[in-house]
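Okay, thanks everyone, I'll keep this short. Let me put the structure up on the screen and then walk you through a few spots.

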Amino acid sequence: MNYFPEEVLEHVFDFLTSHRDRNAVSLVCKSWYSVERFSREKVFIGNCYAVNPERLIARFPRVRSLTLKGKPHFADFNLVPHDWGGYVYPWIEAMAKSGINLEELRLKRMVVSDESLELLAKSFPNFKSLVLVSCEGFTTDGLAAIASNCRFLRELDLQENEVDDRKGQWLSCFPDTCTSLVSLNFACLKGEVNVAALERLVARCRNLRSLRLNHAVPLDALQKILVQAPQLNDLGTGSFLHDPDSEAYCKLKNAIKKCKSIRSLSGFLDVNTRCLPAVYPICTNLTSLNLSYAPGIYSSELIKLICHCKKLERLWILDTIGDKGLGVVASTCKELQELRVFPSDLYDGVGNAAVTEEGLVAISAGCPKLNSLLYFCQQMTNAALITVAKNCPNFIRFRLCTLDPTIPDAVTNQPLDEGFGAIVQSCKGLKRLSVSGLLTDQVFLYIGMYAEQLEMLSIAFAGDSDKGMLYVLNGCKKLKKLEIRDSPFGNVALLADVGKYETMRSLWMSSCEVTYGACKTLAEKMPRLNVEIINEGEQIEASPDDRHRVEKMYLYRTLVGPRRDAPEFVWTL
Amino acid sequence: MVDTMLNYEEGMCKKLGFEETELRLGLPGAGEKSNANYGKRGFEETVDLKLNLSTKDVGLDQSDLKEKNLNKEKNLLPCPNDSVKPPAKAQVVGWPPVRSFRKNVMAVQKASDSEETDKGAGGGAAAFVKVSMDGAPYLRKVDLKMYKSYQELSDALGKMFSSFTIGKCDSQGMMDFMNESKLMDLLNGSDYVPTYEDKDGDWMLVGDVPWEMFVGSCKRLRIMKGTEAKGLAPRAMEKCKSRS
C-alpha cells in the first residue's frame with residue numbers, strides 16, 4: 001500500500017542523486033518504479049550495448065543528462081580493433097526524434113562523428129554540457145558546429161581524444177553572444193587555435209572557472225587570458241616556453257599572482273623549466289596537479305615545485321620524479337589522496353628514470369589519506385607491498401604496473417603474490433585492482449578470499465591454471481568488470497558458473513586458453529549475454545574448429561540481444 | 001624470463017669488453033653496479049662511498065640499465081655493437097598499459113626534445129648557466145651561447161677564476177683528456193676539472209659531447225678538484241680508446 005502521494009515520493013527521490021540509490025528505489029514496487037522513472041534526469045549506462053536508445057527513452061522520458069561508455073577498457077591499449085563499435089549517433093538520433101530535452105552528454109571510449117556533433121548541436125536547444133573522454137571519430141568541424149549552435153553551452157571538456165584538425169576556426173565560431181561558458185578544455189587538440197578569438201571569448205565569459213589550453217597557445221597569450229580571468233579555479237597551461245628574462249614572462253608572473261582561486265593546475269606541454277617559478281605563488285593552494293604530460297621538467301625542478309604544494313590532494317606525475325622526488329612528495333603533501341605515476345620512457349621499453357618500490361613505500365608512510373593509486377614502476381617487492389598495505393588501509397583503487405609484466409620480487413625473486421595478498425587483506429574497501437609482475441594462482445586465492453568489495457579487476461600475464469580465475473569468480477561477489485590478457489585460464493574456469501556473468505557488466509579475455517567450443521556453449525546457455533569473438537587479421541574461417549583457441553573474447557550482459565552494428569570481424573555467438 | 005635477462009647481460013659484457021681497463025672506485029661488490037652505469041656515471045654514485053650497497057643493487061635489473069644507457073640518444077659512448085636491441089619483453093603489444101593518446105604525446109615531445117638537443121637548446125635565447133668552483137666564495141654565470149667551442153669556454157672560465165688555482169685547466173685543459181698520463185696527473189693532482197650537470201640531473205665531465213649538444217644539455221657548471229672527479233674520468237678514457 002502506498003501512503004504517500006506521488007508528488008511527495010518524487011520530492012523525496014529528488015534527494016537521491018546516485019544511480020545506485022535510484023536503481024535500488026525503483027525495485028521496491030511498481031509505484032515507486034513508476035515515480036522514479038519519470039523523475040530521473042541523469043542516466044548512467046556503463047555499456048552502451050547493454051540497452052538501446054529506444055529502451056532508454058521509453059523508461060526515462062525526462063532524461064536530461066546521459067553518460068555512455070562504449071569500448072572495453074583494453075581498447076585504450078590497442079587490444080581492440082579500430083572499427084569494433086561504440087557509435088553515439090544512434091543515441092543522439094533517437095533522442096532528437098523523441099523530443100528529449102537533452103542538456104548534458106558524457107561519453108567515454110565512443111566513436112563520435114562530426115555528423116553526431118552537428119545533430120547534437122542542432123537538436124537540443126538547452127544543451128549545456130559535452131564531455132568526451134578517450135573518444136575518436138570527430139574533427140574540429142564538429143566542434144565548430146557545437147560552438148556555433150549551442151547557445152547556452154556551459155561546458156566543453158575534451159579529454160585525451162583523437163581529434164582531426166581541419167584548420168578551421170572552431171573557436172571563432174562561438175558567437176559574440178556566448179557568455180555562458182564555465183568550463184573549456186581543448187588541451188588534446190593538436191592544431192592551432194585563433195588566439196585572439198580565445199582571448200575575447202574568455203573576456204566575455206565571466207563565469208569561466210576551468211580553462212585548459214593546448215600546446216599551440218603561447219605563453220604571452222596565457223598572460224593576457226589570465227588577466228581577463230583571474231577567477232579561474234582550474235588552469236591547464238598550453239606552451240610554457242619563453243625567455244624568463246623577457247617582459248612577457250614578467251607580466252605573466254604578475255598575472256598568475258592575481259589568480260588566487262586556482263586550485264587545479266595542469267598542462268606544461270612544452271616547457272622551459274626556468275619559467276616554472278612563475279607558478280610558485282599559486283602552488284600553496286593547489287589541490288590538484290597534473291604534470292604527467294611534461295617530460296621536459298627534470299626531477300630537481302619537479303621537486304622544487306612540489307615543495308610549495310602542501311595542500312595537494314591529487315598528483316599526476318611522470319616517473320622522472322624518481323624515488324627521491326616521491327620522498328619529497330611524501331614529506332610535503334600530507335593531504336594526498338590520489339597519486340598517479342606514469343612512465344616517461346615508453347619507447348626504449350624500460351623506464352629511463354623510473355621509480356621503484358622505495359618511492360611507493362615512502363609515499364605510503366607519509367601520506368595516510370592515500371586512497372587511489374596508479375603506479376608504473378621498474379620493480380617491486382613483496383616486503384614493500386606489505387608495508388604499503390599496513391600504512392594505507394584505505395585504498396579504493398590500487399593499480400600497480402611493473403614495466404616488465406612478469407618481473408618477480410626484486411629482492412627475493414619470488415612471485416608478488418604475498419604483496420598483493422596483503423593489499424587485498426588490509427584494504428577492505430578496495431573496489432578496483434590491477435595486478436602485475438610474476439604472479440601465480442595464489443594471488444587470486446587471496447583476491448577471492450579478501451577482496452569483498454572489488455568491482456573491477458585487471459589481470460595480465462598472471463596465474464598458472466584455471467584455479468586462479470575460479471578463485472576470483474567464486475570469491476568476489478561484487479565483481480562487475482573482469483579483464484584478463486595473456487593468462488592461462490581456459491574453458492573450465494569460463495564455464496564453471498555461467499550465471500555469474502549476468503551479475504557482471506562484462507568479461508574480457510584475450511590470449512588465454514578458452515576455445516570456440518566453450519564460447520559457443522556459454523552463449524547457448526546464457527541468452528542474455530552477448531559473447532563476442534573478435535577476429536583480427538587471420539583468415540576468418542566460416543566455422544572454426546571448436547577446439548581452436550579464441551584470441552579475443554568480450555562478453556557482456558544485455559537486454560537487447562546481439563548488436564546490429566558489429567563489423568565483419570566480430571562474431572556474436 | 002630471468003634466464004633471458006642473464007644471457008643478455010653476459011652478451012653485453014662480452015661485446016663491450018671495457019671492464020678490465022675501466023677506472024673506478026673499485027669497492028668490493030661494487031663491480032656490477034658500476035658496469036651497469038656505462039656511459040653515464042652518476043656523480044653521487046662515485047663520490048658517495050655506496051653506503052646504500054644493499055641487495056637492491058644486485059636485484060636491480062642490470063640489463064635494463066645497460067639498455068637504457070646504450071639507447072640514450074645523447075650517449076656517444078662508441079659501442080662496437082650500437083644496434084643491440086632491448087630484449088623482446090620490451091615490445092609486448094599494449095604493455096605497459098598506457099593510452100595511445102599519452103604515448104603519442106610523449107613520442108612527439110621526445111622527438112622534439114632530441115631535436116633541440118642536437119640544435120643546442122633551440123631558440124635564440126641566451127643559455128646562462130651558473131658556474132661554481134670548489135673553494136671559491138661565490139659563483140659566476142656564463143652565457144654558453146657566447147662561445148663556439150670548448151676552447152673558448154675554457155679560456156673564459158680560466159679568466160673568470162684566475163684568482164683561484166685553476167692550474168692546467170686552461171688552454172690545454174680539456175684537450176688533454178686525450179692523453180692518458182696527463183689525465184691521470186690532472187686527476188691525481190690538486191688541479192681542477194670542469195664538470196657539468198645535464199638535463200637528467202647527472203654530473204658529467206666537460207668535453208665528451210659535441211659542443212652544440214653540450215650547450216643544449218648543460219644546466220650548470222662545476223669546476224671541481226681533480227681527485228673528486230676521478231669517477232667521471234673513465235668515460236673520457238673510453239673516448240680516447242675509441243678514437244685512437
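Predicted model: local features only at pLDDT ≥ 70, side-chain atom pairs only at ≥ 80, totals over all residues.

So, helix 9 of chain A, which runs over residues 219-228. The buried residues in helix 9 are Leu219(A), Ala221(A), Leu222(A), Gln223(A), Ile225(A) and Leu226(A). If you look at the numbering, remember that an α-helix has 3.6 residues a turn, so residues three or four places apart point the same way. And what do the buried residues of helix 9 of chain A pack against? On the helix side, there's helix 8 (195-204) and helix 10. On the strand side, you've got strand 9 (210-212), strand 10 (234-236) and strand 11 (239-240), again in chain A.

Okay, out to the surface. Back to helix 10 for a second, residues 247-257, because Lys258(A) sits in the loop between that helix and strand 12 (264-266) of chain A. Lys258(A) has a relative accessible area of 60%, and the cut-off for exposed is over 50%, so Lys258(A) counts as exposed. Together with Lys253(A), Lys257(A) and Lys260(A), Lys258(A) makes up a patch of positive charge on the surface.

Which residues form the negative surface patch? Those are Glu6(A), Glu7(A), Glu10(A) and Asp14(A). Glu10(A) is in helix 1 of chain A, and at 34% relative accessibility Glu10(A) is partly exposed.

Helix 1, residues 6-13, also holds Val8(A). With a relative accessibility of 34%, Val8(A) is partly exposed.

Chain B has 10 helices and 5 strands, and of its 244 residues, 50% are buried. Take the contacts in chain B between residues at least 6 apart in sequence: 64% of them join residues at least 24 apart. The accessible surface of chain B is about 11600 Å², with 54% of that belonging to carbon and sulfur atoms.

Technical notes:
Residues numbered from 1 in each chain as written. Chains lettered and ligands numbered in written order. Heavy atoms only, no water. Patch = residues over 30% accessible without salt bridge, like charges linked within 9 Å, V, L, I, M, F, W, Y side chains within 5 Å. Areas by Shrake-Rupley, 256 points an atom, 1.4 Å probe, with all protein chains shown as cover. Salt bridge = Lys/Arg side-chain N within 4 Å of Asp/Glu carboxyl O. Lys, Arg positive; Asp, Glu negative; His and termini not counted. Charge placed at Lys NZ, Arg CZ, Asp CG, Glu CD. Helix = DSSP H or I, 4+ residues; strand = E, 2+ residues; numbered from the N terminus. Buried < 20%, exposed > 50% of the residue type's maximum accessible area, 1.4 Å probe, protein only. Contact = heavy atoms within 4.5 Å.
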